[in-house]
Amino acid sequence: MTPIPGPKGPPFIGQARELIADPPRYISHLADEYGPMSRFGFFGTTFYLVADPDLIREVLVTQAANFPKDDRDVELLSRMIGHGLVTANGEEHKRLRRLTQPAFHTSRVDAYAGTMVAYTEAMLDEWRDGQELDMAEAMRELTMYVVARTLFGADRAAMRADDGATGRIGEAIHALQDIANQEFTAPLVLPTWLPTGMNRRRRAARAVLYDTIDRLVAKRRASGAADTGDLLSMLLLARDEHGDALSDAEVRDQLVTLFVAGHETTSNALAWTWFLLAQHPAEEARLHAEIDAALPDGPPTTADLPRLPLALRVLKESMRLYPPAWVLNTRRAAADTTLGPYAIRRGDLLWVSPFVMHRRPAWFPDPERFDPDRWTPERERALPKYAYLPFGGGPRVCIGNGFAMMEAHLIVATVARRFRPRLLPGVVESLNAQVTLSNVDGMPMRLERRQAPPRP
Ligand code: HEM
């Protein structure tokens, strides 16, 4: 068997200092330096970085049952979003996935397109030429309203009328992410019952989120729990093999999971897309030309999407450079096995990182360069599977993959048809690698209204 190489570091601390300073770039450096498998240490725990498409297939697909999510990750994520699809393992995961999948069938997701475009247009109607705003925040609000409406039936106008609710939810999610991040990088994680400042902050933030979700559920139950076809009614009507319904707590945790997983990621992908377009005016001009030709009369519908291939390539390239899920949850080997020429022992902890894979020069020459033409059909077909994996892979592949791609595609076209967001001076990339990948300073931008396209 081939030994797994890695850097040397001080005992116990290992590579903690480098990892805390800039995790995505540090682990990319490990792959550059040590190849397909490398070893690093973090406060007394050893991790293995898997940086090869074939080995990743083994972990996520072929041997998926032997690589569940690690207990520590599950515990820390559960503290944030409860016990839903993201944090379940084994049989429990299968059951929840079965129950949730119907809400994400293509036919359903297509039906959500109208809401996605209507809510984007409503946001654009409020935008003014020359206005300065944080695009990261604007995208977060927009994608939050889309999830709330499409999956839970909550209306944007009603949420906005509820004085300050939108801001409170945003702050609560930020606080939860921040705490999760501190715990993920801490040498020791304290129990939740201790009266620490962190635990108090988390309880307060969770209360805001739970309150929102509980009110949605109560309203729906009060209306007779009719099947409106959205995810919430599916969950309320679902019965297991014994005919039992999901408990209120189970429904709530599932909703909180989808609410958080369903908008933070997409909004980060969009914020980075505006960041990249603003810095690449030639690509931006090509995008505008495509949009103006494809959408002379108004915002897009799903029928227009095939005529907007560059918009999709821009998005794929943006998620290559800045994959919102920059590292998958840690996987733990349930039994001894091998990955290619490497021996893996029971209990070994593995990292798979889209950020690392997306910058391997073997598949993405000149990897730092923004080049949407990497995603022409021919060039995309030439890539090995799992060289590009913004949505993970195997039985735990993102359930919202199709939803997110359609939503982001529609939003890019709808926004770029009417506005050209410019970066404010001094805004630079500074990676904030928490559970999702954002920019430290957000995305402060100034809006330029575009002229209506000339009629053909
Ligand atoms: C650009 C947007 C998105 C990205 C980049 C993304 C990325 C991912 C990734 C990488 C995973 C796998 C994590 C792992 O294996 O450790 C995942 C899982 C998941 N995602 Fe997404 N996601 C996005 C949008 C969404 C949306 C819109 C929803 C729901 C509306 C969603 C819900 C979920 C759920 C529930 C899981 C857990 C699935 C399971 O374990 O069975 N995501 N996502």
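Hi everyone. Before the tour, one working definition: I call two residues in contact if their C-beta atoms, placed from the backbone, lie within 7 Å. Please also keep in mind that this is a predicted model.

With that in hand, let's begin at helix α11, residues 197–222. Seven names to look for here: Arg202, Ala205, Leu209, Thr212, Ile213, Leu216 and Arg220 are the buried residues of α11. What covers them? The cover includes α4 (71–81), α8 (135–152), α10 (165–184), α12 (231–237) and α13 (248–261). Just after the helix, Gly224 takes a positive phi of about 90°.

Another helix I like is α16, residues 309–321. Its 13 residues reach 19 Å from first C-alpha to last, close to the expected 18 Å. How many of its residues are buried? Ten, if you'll let me say it as a ratio: 10 of 13, so α16 is mostly covered. Among the buried ones are Leu310, Val314 and Leu321, but also Arg313, Glu317 and Arg320. These buried residues pack against α14, α15 (281–294) and α19.

Two of those neighbours bring us to the ligand. Along with α13, helices α14 (264–279) and α19 (401–418) each supply at least two residues of the shell around the ligand. In total, 24 residues surround the ligand, and the closest are Gly262, Thr265, Gly392, Cys398 and Gly400. By type, the shell divides into 15 nonpolar, seven polar and two charged residues.

Now to the sheet. It is open, with four strands in the order β1-β2-β7-β4 and mixed pairing. Which strands sit at the edges? Those are β1 (37–42) and β4 (331–332), each pairing on one side only. Strand β2, residues 45–50, pairs with β1 in the antiparallel sense over six bridges, and Gly41 stands opposite Thr46 in β2. Two helices pack on this sheet. Helix α2, residues 23–34, touches β1, β2 and β7 (349–352), and its direction makes about 135° with that of β1. Helix α3, residues 53–62, touches β1, β2, β4 and β7, with its direction at about 120° to that of β7.

Between β1 and β2 there is a loop that holds Phe43. Its phi is near 45°, a positive value in a residue other than glycine. For context, most residues other than glycine have a negative phi. Asp366 has a positive phi as well, near 50°, and lies in the loop between α17 (354–357) and α18 (377–381). Is each of these residues buried or exposed? Phe43 is partly exposed, because 14 other C-beta atoms lie within 10 Å. Asp366 has 8 such atoms within 10 Å, so Asp366 counts as exposed.

Arg97 is partly exposed, with 14 other C-beta atoms within 10 Å. Arg97 and Gly84 are 13 residues apart in sequence, and their C-alpha atoms are 9.5 Å apart in space.

Technical notes
Residues are numbered from 1 along each chain as its sequence is written. This is a predicted model: local features need pLDDT of at least 70, side-chain atom pairs count only at pLDDT 80 or more; totals for chains, interfaces and linings use all residues. Two strands pair if DSSP finds at least two bridges between them. Axes are lines fitted to C-alpha atoms, for helices over the stretch in contact, and angles run from 0 to 180 degrees between N-to-C directions. The expected span of a helix is 1.5 Å times one less than its number of residues. A residue is buried if 20 or more other C-beta atoms lie within 10 Å of its own, exposed if 12 or fewer, and partly exposed in between; C-beta atoms are placed from the backbone. A residue is near a molecule or strand if its C-beta atom, placed from the backbone, lies within 6 Å of it. Ala, Val, Leu, Ile, Met, Phe, Trp, Tyr, Cys and Pro count as nonpolar, Asp, Glu, Lys and Arg as charged, and the others, Gly among them, as polar.
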